[in-house]
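Hi,

Here is the structure I promised to pass on.

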Amino acid sequence: HTPSENHVDGKAYPLEAHFVHADKAGHLAVVAVFFELGDDNSELAKLLEYIPEKGADSPIDVPFNASALLSDTNDYYRFSGSLTTPPCSEGVRWLVLKTPQTVSAKQAALFNKIMGNNNRPLQKLNARLITQTQ
């Protein structure tokens, strides 16, 4: 998503990736990774080679190591929420990694060119409890 859908202490990031998981019973969990401006990201570069034009689909025919986009630490924020795209299903366990990865300004601009600003507006916390690892 460009820009990020989650914020930390009011801070947004230029890019946020979501890894959506479902078990056989249909329970959903999302691992979210922030990207801050910095060096080129070599794994994202592989994706950008195959990124389709806006509105088109394109298979990714290159080996891609999704785990390379995850931080080396296990520090995260956890909360119960919903999917951020329709049908916006509730009861989703969110794990938002604290340590952002880097993305170059050029890479972030390319993702934004294709996806546009596709982040869901921030939702009210309501009674949602956010916990974090120390």
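A word on naming before anything else: helices (H or I, at least four residues) and strands (E, at least two) are DSSP runs, numbered from the N terminus. Keep in mind that this is a predicted model, where local features need pLDDT of at least 70, side-chain atom pairs count only at pLDDT 80 or more, and totals for chains, interfaces and linings use all residues. Residues are numbered from 1 along each chain as its sequence is written, and side-chain values use heavy atoms, with hydrogens and water left out.

Let me begin with the cis peptide bonds. One of them runs from T2 to P3, with omega near -15°, and P3 sits in the segment before β1. Another cis bond links P86 to P87, this time with omega at about 15°. P87 belongs to the loop between β3 (76–82) and β4 (90–97).

D9 is not a glycine, yet its phi is positive, at about 50°. Like P3, D9 is in the segment before β1. Its relative accessibility is 83%, so D9 counts as exposed (exposed means over 50% relative accessible area, buried under 20%, and partly exposed in between, using a 1.4 Å probe and protein chains only). C88 is also a residue other than glycine with a positive phi, near 55°. You'll find C88 in the loop between β3 and β4, and with a relative accessible area of 26% it is partly exposed.

Strands β1 (residues 15–22) and β2 (residues 28–37) run antiparallel and are joined by eight bridges; two strands pair if DSSP finds at least two bridges between them.

Last one: is E43 buried or exposed? This residue of helix α1 (residues 42–48) has a relative accessible area of 10%, so E43 is buried. Leaving out residues up to four places away in sequence, E43 touches F64, N65, A68 and L69, where contact means heavy atoms within 4.5 Å.

Cheers
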